[in-house]
Each structure stands twice: as structure tokens, then as C-alpha cells.
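Let's take a walk through this model together, beginning with a strand and its neighbours. Keep the 3D view open as you read.

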Amino acid sequence: MDRKDGPMALRREPHVLVVGGSDSSGGAGIARDIETISLIGVRTCLTVTALTVQTHEAVMEIHPSQPNLVADQMRAALQANQVAAIKIGMLTTAEVVVAVAGVLRENPQVPAVIDPVLASTSGRALLEAGAIAVMKRNLMPLCRLVTPNLIELAFLVGSELALDEEGAVRQGQVLLAADAQAILIKGGHASGPRSTDILLRCDHEPIRFDTPRLTMSMRGTGCMLASAIAAHLAKASPLEDSVREGKLFVFEKLQKNAAE
């Protein structure tokens with residue numbers, strides 16, 4: 001091993017700590033996160049919150065990690081590397097949510113992006129119903145950005161699915177009022193010729209990021225977007241720029257897949 005590529009050099013490179021569940025199909029979860037962050041040129045380290053048995057069509061089994069194991073993995077990763085951002089995905093239980101929040105409180109200088117994964121594409125619950133309130137109260141206020149889609153947003157605020165952009169923004173404002181720092185409402189589940197994501201922050205006007213809506217769909221785009229944003233935050237980009245670059249990354253990936 002060349003001296004400049006040794007362990008000390010590796011530790012000084014910015015990393016994104018990926019916190020989430022495994023996906024044996026490789027279509028979402030930590031596999032998608034690592035792939036995305038690597039393509040942007042940032043290293044990753046890892047905390048596994050759950051092992052799953054799944055295909056591209058269904059989730060058959062979920063085995064949550066013990067909360068203390070999750071916290072210990074996070075602390076070890078933070079000790080071993082220069083973690084410049086944290087990306088949080090599947091958390092499964094309220095106890096795991098509390099464990100992750102505890103480590104974030106110990107490391108307030110590291111920006112965290114949480115993709116609030118509540119259910120799989122096939123409809124299997126990935127977070128206990130009772131854990132949603134714990135996530136809102138204990139974890140979201142510690143995160144630099146929360147990235148719900150329209151379905152997740154409705155669950156988080158305990159409301160019906162927003163029928164239009166105005167309704168989605170109102171629901172996002174409810175999360176901001178619950179002490180979230182910033183919300184990116186993903187428009188992938190909306191309709192119309194443009195796919196619009198909306199960034200909401202206290203004391204800021206909403207910022208819209210839109211691309212042409214593609215007809216094809218792909219699993220793991222939520223993981224991909226949050227991971228891409230975290231990767232750009234790890235490269236010291238401002239939040240707005242990180243969101244813009246992340247949105248563009250996902251669009252280009254979808255466009256490439258549609259052409260293949």
C-alpha cells in the first residue's frame with residue numbers, strides 16, 4: 001500500500017455515514033445509498049439498522065438490529081473516519097430511532113439527512129406505527145433535512161394525502177412547526193408534466209426544483225435523492241445547492257435507465 005493511500009489518509013477524506021437497512025435485492029436501502037454516494041465521489045461508512053429478506057417485488061422478512069448495536073456502529077464509524085454528513089433511512093423501531101437520535105446529539109456539527117422510510121414500494125411497513133411520533137419528536141429536529149414524499153408527508157402530519165402543491169406546502173409547514181429544520185417535499189407521487197420538489201425552511205420562501213416528469217419508474221429513488229444530497233453536503237455545498245445537485249443526479253439516472 002502506498003503511504004499516501006494508507007489508513008491515515010483514508011481517515012482524512014470526507015465520508016457519509018449511511019444509517020439504514022439492508023436490501024437483499026440491491027434495489028434500495030444501503031446498497032443504493034453506497035452506490036449513489038460513491039458515484040458522486042465521496043466515501044461511505046455504515047450502520048445497519050435492519051436485515052431484510054426481499055426481492056424487487058416484496059419484503060418477506062425484517063430483522064431489526066438491537067438499538068445499542070446501532071448506536072455502537074455509528075460511534076465506531078464516527079471515530080474511525082472524518083464523517084462530514086449522515087444519511088438516515090430505514091429505522092424499524094422506536095428504540096432504534098431513539099438510539100440514532102442519541103448519537104446525533106453527541107455530534108451536532110455533522111449535518112444529517114433523513115429519508116423517513118415508512119413503507120416499502122410493495123406496501124410492507126418499515127417503521128412501527130408508534131415510532132412515527134418518536135421520530136418527529138426525537139430525531140427530525142436534529143436533522144438538517146427531512147425528505148418525505150407526499151404519502152410519507154401525509155402520514156407524518158396525520159392527514160389525508162395532499163391534493164395539490166398548496167396542500168403539500170401546508171403539510172410541510174406543520175412539520176416545520178414541529179421543529180424540523182428543513183423539509184424537502186418530493187413530488188414524485190404527484191401528477192403533471194413536471195416533477196417538482198419543494199424545499200421549505202423557517203423564515204425562507206419555498207424553493208422549487210423541477211425536472212420533466214419521466215414515464216418510467218425505479219425503486220430506490222428516495223434513497224438515491226437523500227444520499228446524493230448528503231454526499232454534496234459532505235463536500236461542503238450549501239443546502240440549496242446540495243438539493244439542486246441531488247435532484248439533477250436522480251433525474252439523469254432515471255433518464256439513463258429509460259434510454260437503456
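Seven bridges link strand β1 to strand β2 (residues 43–54), and the two run parallel. Strands pair here if DSSP finds at least two bridges between them; strands (E, at least two residues) and helices (H or I, at least four) are DSSP runs, numbered from the N terminus.

A word on the model: it is predicted, so local features need pLDDT of at least 70 and side-chain atom pairs count only at pLDDT 80 or more, while totals for chains, interfaces and linings use all residues. Residues are numbered from 1 along each chain as its sequence is written, and side-chain values use heavy atoms, leaving out hydrogens and water.

β1 also pairs with strand β4 (residues 82–88), again parallel, through six bridges. Here V16 has A85 as its bridge partner in β4.

Between β1 and β2 comes a helix: β1, α2 (residues 29–39) and β2 form a right-handed β-α-β unit. Right-handed means that, with the strands pointing away from the viewer, the path from the first strand over the helix to the second runs clockwise. In α2, the buried residues are G29, I30, R32, D33, T36 and I37. They lie on the same side of α2 because they cover an arc of only 155° around the axis, taken from the directions from the helix axis to the C-beta atoms. Just after α2, G41 adopts a positive phi of about 95°.

Notes. Buried means under 20% relative accessible area, exposed over 50%, partly exposed in between (1.4 Å probe, protein chains only).
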